[in-house]
Structure formats: C-alpha cells, structure tokens
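Take a walk through this protein with the model in view.

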Amino acid sequence: MPNPLSAAPGPQSPLGLGVLLDLLRTEPWDLLYRYAQTYGDLFKIDALHLTALFVNRPDLIETLVDSHDMFVKRTPNPSTLPFTRKSIFATTRPLWAETRPHHPYAGEHAPLVFERMIPALVDVVTEHVRTMGRGPAGTVDLYPLLVRMSYDAFCTNVLGQRTSDATYIRYLRLIREVTTRLKTNGTTLDPRFWWVLRRWHQEISEVVDRRFQQGADAVAPTDALGFVTKNGTKLPRDILKDEVSTMIVGGVHPVATALSAALYNLCRYPDEGRRVMDEVRDVASRRDLRTLTLADVKALECLDRFADESMRLYPPVHIIMRAVLPGKVGVLGGYALPANTEVVFSPWVMHRTARYWEAPLEFRPARFAKAPAPYTFMPFGVGERTCMGQPYARLCIRIVLATLLTEANIEVNVSKPLALAFGPLIIVPKNPLHGQLSLR
Ligand code: HEM
C-alpha cells in the first residue's frame, strides 16, 4: 500500500515558506543538490499550497519518463508557448506522437544531413574567429560571442542562410523575454514583445515558403530545410515553421552555455585541455576539418569525453519535470501522488551524486571511456521525450570546439569558479566569461 505524499521526507516549514526563502538565497540547482544531501534520493518540496516530488534514482526516473499511463510531460508551458507554438516541444499526445517522427531531425536520413552540415559549421566558426581575433587585443566577455556564433551556425545549418543583424537582435529580445516571463509567471514587461515575436515568426515563415517555392535545388542538401524541400515532409507547413523556429530558439543558448563551460574547463584543467588540443590540432594538421565524417568526429576521443564531462558538471538544462495525469493517481517510490502532482528530477543533481558517479565533483573526462549507467547521464533528458536536437547539438559543440582550438589561442580567466544564473529555461554564465581569443 503506497504512503501518502505528505509522509515523504523533505524540508518542513509553515506553507513551505522555508523553501521559498531558501530559493531567494540559493540558485534552484544548488538548493536541490543541498536538499538531496540532506533528504536523500526522494523527497517532497512544499511551496505555498503546492507539493512536488523530487526523485534522484535511475530506476524511478525510468518509471517516471516511461509510464505514459501515469505521467505526462505537461505542455504547453504558458511562458514559452508564444515561441514554441505547435512544435513538438509544446504538444502532448496524440499530436506529439504523430509529429515527432516527421521532425526534420528525426528518421534515418538525419545522420546524413548532420554530416553534410559539417563544412558550413567549420566555415561559420572560422569566420567568427578571424573577425574576433583581429579585434582590439584585451579581455572580453566570451559568452555573447559564443551565442552569436551558435546562432549563425544554427541559421546556416537549419535555414541554409544567415539572417540580418536586425533579426538577430529580435532573437535576443525574444530570449530575454522567455527569461522574464518565466520569472514573472507569464506576464510580459516589454510592450514591443508581441510585435517582435510576430516579425520573428513572419521571417521564419518567409524563409520556409521561399525554400519551397525555389524547390529542391541541391543534389545533396546541406541544411535541414534543404533536405525537407528535396525529400518532402509529412508535417503540415505551419507545424514545420514552428519546428524550424523552435530549433533555433530552443537550441542556440544551451549550446552557447555548453561551449562556455567547455572553454572554461579547457583552461581550468590545462592537462586535460592540452590533451584535447593536441588531438584536434594533430588531425587538423593532416586534413581539413571540413572533410570530417560523423565517424571521424566520434573518433576524436579526447574531445568527445571532454565535452561530455563538461556537460556532466554543467548541464545547461538543470531540471526536468513530469506530472501525474489528470484523473489518475501516480505511484512512485512507494508514494501515492494525487492527479497533477509535479515530479521533478535534475541532471545537475544526478550528475553530482556520489552513489552514481565516482568523485563526482572532479573533472575526469576519462570516466567516459565507459558508458555511464542508464539514467545517470542526462544533459538532454531521457525517455521518449528526450531532446530532439541531441545529435545535432553534440556534433555542433564538438565541431565548434575543434575549429576554435585549431584556429585560435584561447585564454579564459579561471581564477574564480564558473558562476551560473537562471536564464531562458536554462542556466547561463552569471558573470562575464572574461577571456581572450587570438588568431593562431
Ligand atoms: C546543448 C544543447 C541542448 C540541451 C542541453 C538540450 C536539452 C534538452 C532537454 C533536457 C530537453 C527535455 C527532455 C525531457 O523533457 O525529457 C530537451 C527537449 C527538446 N529539445 Fe533540446 N537541448 C539542446 C539543444 C537542442 C537543439 C539544438 C534542438 C533543435 C532541434 C533541440 C530541440 C529540442 C526539442 C524539440 C525538445 C522537445 C522534445 C519532445 O518533447 O519531444 N534541443 N532538450
């Protein structure tokens, strides 16, 4: 007989005010980590009249993400809905199940498309390095540069073209707005927001329509839209447009966070950094990085493990949620959860738990020589609703790092720990990522 949720351990205070006070003082990922140290792998969190369950056990996370008759990924989130609209990010079954297999990054063709994206990715990064490297010498904040580089890479790989600076500024406004809406529970403080949002969707829409009007012009398309126009898609045009928009809005910032953490760690752990640099520069001395295949990228073992270890310690998405289906009672870890109860797990906490990771706070890329135990490494989530962009994001991070290390000397100020703040659904560097990037 399952116990009532009220019997679960967890921080106690009248109306859960203690949790709210803790949240004012501590970032949510650190707070969950601290609670997990005190209350273990499963605890309840009370805040005002709501009670959520936090789980940090691989078997419970597996049950949570795979028991579709009990738990659901509750979408749409009202704060992000204007951005995600009808994309799979924001849909629930049955529409989600109908559309996900037809996402431009789904299906057997996807690896082929990703491989063909590599030359353009290398070109975008090289161009950025050459522009930045010629700028005035001195320390700059590298994070905005990485955001712009990721944005240009995504636009090239998804849309087949870069956008104007004005469109990029609109993108930044939208991303700022996601953060504000999340913090203020869905309200907007920016009166121009709706206009900017309409312009953004209009521009994506025009690019998609134009590509279809032009028809398939390439024998071997090198971007997601090119592939879709050549091979056709079962997605209705309006949903395709929302997917395309979400691929950019949902992917650019987490990739930039992952790159920031990787550059920080390259300089913070110089021996590991040197290993990656030697590996990449050795390959680049023998061949053009633009000719790498997916298998070649995977074979860059030091780079691969370094990127994974960096994401283990700094997963851009720190929290993932599911909820008990309306009208159902969920059972998890011996507790009965009333309908609509939120259940939360955290890549940040799991990746730092000593029961599942040896010396979890140490930076040891070699640990990835062995595949991690199931449901213990999840920067991209787990289960059927795992990140749709995972293979692309992993490739993008590796190619950007490889190209940066080949083209530039990078110095990041690592005198202080990498402080993080809550950004647009993800974590972002809290302070400027002071560093220098000069042409090699
Ligand atoms: C470092 C980069 C990225 C990280 C860390 C990341 C992480 C995540 C996480 C944790 C989830 C939630 C999974 C869950 O609820 O179980 C997710 C969902 C998703 N991500 Fe990503 N993501 C990244 C990049 C991208 C990119 C490049 C795309 C572009 C296609 C993308 C598209 C999506 C979509 C469409 C979903 C929703 C999938 C669904 O609900 O079926 N992400 N991502």
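Where is the place of Pro94? Pro94 sits in the loop between α4 (81-84) and α5 (95-99). The peptide bond that leads from Arg93 to Pro94 is cis. Its omega is near 0 degrees. Keep in mind that this is a predicted model.

Now step back to the whole chain. The protein has 16 helices and 13 strands. Its C-alpha atoms fill a box of roughly 65 × 50 × 45 Å along the principal axes. A compact globule of 440 residues would have a radius of gyration near 22 Å, and the protein agrees with this because its own value is 22 Å. Of the 440 residues, 42% count as buried. Residues 24 or more positions apart account for 75% of them.

Next comes the interior. Nonpolar side chains tend to be buried together in soluble globular proteins. Here the largest nonpolar core has 118 residues. The residues with the most contacts inside this core are Leu259, Ala262, Cys396, Ile397, Val400 and Leu401. Helix α11 (residues 237-268) gives the core its largest share, 16 residues. Setting aside neighbours within four places in sequence, Val400 is in contact with Val125, Met149, Ala153 and Leu259.

How many residues surround the ligand? The shell holds 27 residues. The closest are Gly251, Pro254, Gly381, Cys387 and Gly389. The largest share of the shell, 7 residues, comes from α11. Both α11 and α16 (390-407) supply at least two residues each. By type, the shell divides into 17 nonpolar, 7 polar and 3 charged residues.

Turn to the strands. Five of them, in the order β2-β3-β9-β6-β4, form an open sheet with mixed pairing. Its edge strands are β2 (42-47) and β4 (71-72), each pairing on one side only. β2 pairs with strand β3 (residues 50-55) in the antiparallel sense, over 6 bridges. Leu42 stands opposite Val55 in β3. The loop between β2 and β3 holds Leu48. Phi of Leu48 is near 50 degrees, a positive value in a residue other than glycine. Is Leu48 buried or exposed? Leu48 counts as exposed because it has 10 C-beta neighbours inside 10 Å, and the cut-off for exposed is 12 or fewer.

Another open sheet has 3 strands, in the order β1-β8-β7, and its pairing is mixed too. Here the edge strands are β1 (3-4) and β7 (330-332), and each pairs on one side only. β1 and strand β8 (residues 335-337) pair in the parallel sense over 2 bridges. Pro4 stands opposite Ala336 in β8.

Strand β10 (residues 408-412) is worth a look as well. In a regular strand the side chains alternate between the two faces of the sheet. Along β10, Ala408, Ile410 and Val412 point to one face and are buried. β10 pairs with strand β13 (residues 434-439) in the antiparallel sense, over 5 bridges. Which residue is the bridge partner of Asn409 in β13? That partner is Ser438.

The last stop is the loop between α15 (347-351) and α16, where Arg367 is found. Arg367 counts as partly exposed because 18 C-beta neighbours lie inside 10 Å. Not counting residues up to four places away in sequence, Arg367 touches Glu309 and Glu358. Arg305 is 62 residues from Arg367 along the chain, and their C-alpha atoms are separated by 7.9 Å. Tyr375 also has its place in the loop between α15 and α16. Tyr375 is not a glycine, yet its phi is positive, about 65 degrees. Why does Tyr375 count as buried? Tyr375 counts as buried because it has 20 C-beta neighbours inside 10 Å, and the cut-off for buried is 20 or more.

Conventions: Residues are numbered from 1 along each chain as its sequence is written. This is a predicted model: local features need pLDDT of at least 70, side-chain atom pairs count only at pLDDT 80 or more; totals for chains, interfaces and linings use all residues. Helices (H or I, at least four residues) and strands (E, at least two) are DSSP runs, numbered from the N terminus. The radius of gyration is taken over C-alpha atoms; the globule rule is 2.2 Å times the number of residues to the power 0.38. Two residues are in contact if their C-beta atoms, placed from the backbone, lie within 7 Å. A nonpolar core is a set of buried Ala, Val, Leu, Ile, Met, Phe, Trp, Tyr and Cys residues joined through C-beta atoms within 7 Å. Two strands pair if DSSP finds at least two bridges between them. A residue is near a molecule or strand if its C-beta atom, placed from the backbone, lies within 6 Å of it. Ala, Val, Leu, Ile, Met, Phe, Trp, Tyr, Cys and Pro count as nonpolar, Asp, Glu, Lys and Arg as charged, and the others, Gly among them, as polar.
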